[in-house]
Amino acid sequence: MYNLSHRFKIFSLSLIILGSLGWFYSYSKSHLTIEEVKTLLAEESHYGSHSEQVHLIDHQNEMHHNQGVYVDEKNGVDYEAHGHEAHGHEDEHAEHVLHQIHNRPYAALYVAAFFFMMISLGALAFYAIQYASQAGWSPVLFRVMEAITYYLLPGALIVLLIAIIGDKHIFIWMDPEVVAHDKIIQGKESWLNKNAFIVRGLIYIGGWSLYRYFSRKFSLAQDKADDNKNFKRNFQISAGFLVFFIYTESMMSWDWIMSVDPHWFSTLFGWYVLASMVVSGITVIALITIYLNSKGLMKYVNDSHLHDLAKFMFGFSVFWAYLWFSQFMLIWYANIPEEVTYFVTRIEMYPIPFFTMFCLNFIFPFLVLMNSDYKRIPIFIIMAGVIILVGHYMDVYMMIMPATVIDRYGFGIAEFSSILIFLGLFLLLVFYALSKEELLAKGNPMIKESENFHY
Amino acid sequence: MGSEKIFHAFYNDDDILLSAVKKIRENHYDIEEIYTPFPVHGLDKAMGLEPTRIAIAAFIYGCIGITVATLMMNYIMIVDWPQNIGGKPSFSYMENLPAFVPIMFEMTVFHAAHLMVITFYLRSKMWPLKEAENPDPRTTDDHFLVEIHTNKPEGVLKKLLRESGAVEINEVKPKVHS
């Protein structure tokens with residue numbers, strides 16, 4: 001049985017406090033006035049060629065933002081009436097930059113919150129698959145998975161809360177002024193409106209948490225039972241949950257991520273986010289298992305279990321790359337303006353994080369975990385796992401940032417402290433849940449098979 | 001090698017076979033070969049066989065595949081007959097790389113899979129029209145056959161085999177190689 005030490009509690013609490021302080025600092029720093037932004041821009045233009053490029057891209061982006069205008073044009077509304085000429089171009093530019101600087105702490109917080117929620121949700125889906133398929137190898141890991149999913153309810157509620165508080169700082173379609181000038185968003189209003197967003201969010205979270213609650217309850221009850229009734233119930237609700245999950249996960253990814261670029265859409269986006277989710281979830285399961293194993297608390301976990309987890313890490317990394325590339329290649333090949341803006345923004349403004357992310361998420365785990373023997377060696381799994389987690393944080397970052405802070409991105413106090421907050425919260429809740437129960441689901445009818453599992 | 005004798009021991013269950021193999025090896029007899037009707041999980045470890053090196057071969061074949069695909073498409077699509085497809089003129093391989101990735105992937109898989117199968121067959125000394133080496137047709141149905149070469153006294157071995165659960169033990173004449 002794992003005991004949550006006092007030191008560990010203080011460590012994770014201090015992460016949360018330190019992160020919060022850092023975040024509020026960056027938040028207070030982001031409140032610039034338009035004059036300050038102008039001096040900032042003037043200072044930047046001293047550095048020469050760099051700012052010119054940024055300016056050009058920024059101009060492109062304003063075009064992108066005003067895509068509604070393009071539709072207006074088709075409907076016979078005069079393009080010039082729309083105020084580009086009303087203020088001078090300089091003012092317009094400074095105002096955009098001001099908004100982007102304002103958005104950054106919100107976006108940074110949102111990325112980190114979503115990333116840790118995603119780990120938990122991925123682990124929950126993986127857990128449900130184990131039950132639905134009645135897998136024989138994994139029951140020794142069930143308590144670890146249940147602990148990780150303990151974070152889901154608070155984590156997902158926080159994501160929804162940040163989305164609502166962040167409002168137009170994250171979701172441009174929540175700004176009534178933008179919508180008023182944007183025919184495309186107006187057309188999507190029946191889906192993209194704040195009330196429906198909140199209701200849908202609560203439905204997703206409610207459904208996932210209900211499954212999590214009952215499945216944990218049955219799993220614990222099974223330990224004390226002398227028949228398999230609880231196990232069978234868990235099998236049934238897991239199968240039902242997976243159906244609910246695949247729909248809500250997809251809709252969640254439209255709502256919480258894809259709608260930051262309200263003009264853009266991709267039909268396989270839900271799958272793409274799912275791949276990210278599951279690979280991060282499995283990676284964290286593997287890392288926590290290795291940690292507990294090294295403390296001698298999970299003696300029954302042998303290298304075959306690690307081998308299987310690493311195989312899943314490898315497999316889902318490749319699956320992620322497959323979906324990433326499918327999305328990219330189809331959009332690149334078709335070259336339709338309304339679709340291709342997504343990648344144009346990312347490749348032109350975020351060239352380094354964009355390609356680094358792909359290498360970290362695909363090429364690195366592919367090469368490190370390809371060898372069968374390496375999948376059994378904890379240090380290799382830890383190495384690949386940390387890289388995968390960093391890569392998938394960057395993946396979420398690349399989904400949110402280009403739509404919210406445009407070219408005013410970076411990895412500074414705002415991003416770092418946001419990660420600290422949610423890392424602290426995640427560790428605290430997950431290890432608290434681990435310390436609550438025995439680490440072995442000893443009543444599971446498959447536990448013997450799982451303990452003797454060898455590959 | 002005149003005193004070497006060859007024994008065939010038959011088993012009718014894979015679990016019994018596995019424990020028998022362990023027992024035989026513990027008593028320092030050399031198992032020449034085992035014939036089974038289906039793959040028995042863990043038999044290779046019990047026999048002490050070295051892990052397969054086919055994975056290394058597969059990696060090399062995959063590298064060959066991706067190279068072949070790259071060279072082939074570079075010749076076809078860029079060098080020999082560049083075309084303008086969907087507004088993307090093919091004058092540079094790198095600029096059109098995303099379009100070629102699916103083919104590179106497929107050729108990698110194709111080469112790895114096919115060459116691996118061929119390697120496996122050659123390594124197992126199997127090729128078309130080859131006469132089967134199977135010593136007893138029952139091993140293709142429901143019996144497991146362990147072939148042991150030994151020059152130790154046969155009584156001890158026979159006792160050991162019978163104790164380990166063998167249903168039939170035969171001494172066979174070594175094949176005369178002409």
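Predicted model: local features only at pLDDT ≥ 70, side-chain atom pairs only at ≥ 80, totals over all residues.
Confidence is considered first. The model scores ipTM 0.79 and pTM 0.86. Chain A averages a pLDDT of 88. In that chain, 91% of the residues score at least 70. Chain B has a mean pLDDT of 89. There, 97% of the residues reach 70 or more.

The highest mean belongs to helix α12 of chain A, residues 269-294, at 96. The lowest belongs to helix α4 of chain A, residues 67-74, at 41. Over residues 49-56 of chain A, pLDDT stays under 50. For these residues the model has three contacts beyond four places in sequence. Over residues 62-87 of chain A, pLDDT also stays under 50. For that stretch the model has 20 contacts beyond four places in sequence.

The two chains touch each other. Chain A gives seven residues to the contact, and chain B gives six residues. On the side of chain A that touches chain B, five residues are nonpolar and two are polar. No charged residue is found on that side of chain A.

Chain B is divided into two domains. Domain 1 is made of two segments, 5-37 and 139-172. Domain 2 covers 54-123. The C-alpha centres of domain 1 of chain B and domain 2 of chain B lie 48 Å apart.

Chain B contains an open sheet of four strands. The order is β2-β5-β1-β6, and the pairing is antiparallel. Strands β2 (30-35) and β6 (168-172) of chain B stand at the edges. Each has a single partner strand, so one side of each is left without a neighbour in the sheet. From one strand to the next, the twist averages 25°. Helix α1 of chain B, residues 14-26, packs on this sheet. Helix α1 of chain B touches β1, β2 and β5 of chain B. Its direction makes about 10° with that of β5(B).

Strand β1 of chain B pairs on both sides, with β5(B) and with β6(B). Strand β1 spans residues 5-11 of chain B, and β5 spans residues 144-150. Seven bridges join these two strands in the antiparallel sense. In this pair, H8(B) stands opposite E147(B) of β5(B). Five bridges link β1(B) to β6(B), which also run antiparallel. Residue I6(B) has a bridge partner in each neighbouring strand. In β5(B) the partner of I6(B) is H149(B). In β6(B) the partner of I6(B) is V172(B).

R138(B) has 16 C-beta neighbours inside 10 Å, so R138(B) counts as partly exposed. R138(B) and G42(B) are 96 residues apart along the chain. Their C-alpha atoms are separated by 22 Å.

Several loop residues of chain A were also examined. D167(A) is found in the loop between α7 (152-166) and α8 (176-180) of chain A. D167(A) is not a glycine, yet has a positive phi of about 50°. D167(A) has 14 other C-beta atoms within 10 Å, and is therefore partly exposed. N335(A) also has a positive phi, near 55°, and is a residue other than glycine. N335(A) lies in the loop between α13 (303-334) and α14 (337-349) of chain A. With 11 C-beta neighbours inside 10 Å, N335(A) counts as exposed. The cut-off for an exposed residue is 12 or fewer, so a count of 11 qualifies N335(A).

F265(A) lies in the loop between α11 (229-256) and α12 of chain A. F265(A) counts as partly exposed because 14 C-beta neighbours lie inside 10 Å. F265(A) and I172(A) are 93 residues apart in sequence. In space, the two are 15 Å apart, C-alpha to C-alpha.

How values were computed. Residues numbered from 1 in each chain as written. Chains lettered and ligands numbered in written order. Domains from an automatic or database assignment. Contact = placed C-beta atoms within 7 Å. Nonpolar A, V, L, I, M, F, W, Y, C, P; charged D, E, K, R; others polar. pLDDT = per-residue confidence, 0-100. Buried ≥ 20, exposed ≤ 12 C-beta atoms within 10 Å, placed from the backbone. Pairing = 2+ DSSP bridges. Axes fitted to C-alpha atoms, helices over the stretch in contact; angles between N-to-C directions.
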